[in-house]
Amino acid sequence: MAERTTKYFQKCDFCHKEFEISSNGLDSITLPGRYVNTDGYQRKQWIKADICPECKERLREYLAKAVDIREEAYYGLKIR
């Protein structure tokens, strides 16, 4: 009898393309956002999103215009 396999797919929250993934899934990031209630009241909220490698690189390039984020060997995370 042939072996049965299971494939997992997940959509990127940014580009909405579907990707075949391992059981771990796409990388998750947390972004600052807003919660808007039905009465128009807004409050700040952290939003979690799943992102594909291509969108992650585009986001990194976009953020590089405003913030320099890098991890340097022996020095750790540097945000300027």
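**Close-up 1. The lining of the largest pocket includes Ile29, Thr30, Leu31, Lys56, Leu59, Arg60, Leu63, Ala64, Val67, Asp68 and Ile69.** This is a predicted model, where local features need pLDDT of at least 70, side-chain atom pairs count only at pLDDT 80 or more, and totals for chains, interfaces and linings use all residues. Residues are numbered from 1 along each chain as its sequence is written, and side-chain values use heavy atoms, leaving out hydrogens and water. A pocket here is an open set of points on a 1 Å grid over the protein atoms alone, where a 1.4 Å probe fits, with protein on both sides within 12 Å along at least five of seven lines; lining residues have an atom within 4 Å of a point. Helix H1 (53-63) and strand S3 (27-36) each bring at least two lining residues, and H1 gives the most, with four.

**Close-up 2. Strands S1 and S2 pair up antiparallel.** S1 covers residues 8-11 and S2 covers 18-21, with four bridges joining them (pairing takes at least two DSSP bridges; helices, H or I, are DSSP runs of at least four residues and strands, E, of at least two, numbered from the N terminus). Tyrosine 8 sits opposite isoleucine 21 in S2. Six residues lie between the strands of this hairpin, and histidine 16 has a positive phi near 65°.

**Close-up 3. No disulfides turn up anywhere in the structure.** A disulfide would need two cysteine sulfur atoms within 2.5 Å. For cysteine 12, the nearest cysteine sulfur is that of cysteine 55, 3.8 Å away. Cysteine 52 isn't in a disulfide either, with the sulfur of cysteine 55 nearest at 3.6 Å.
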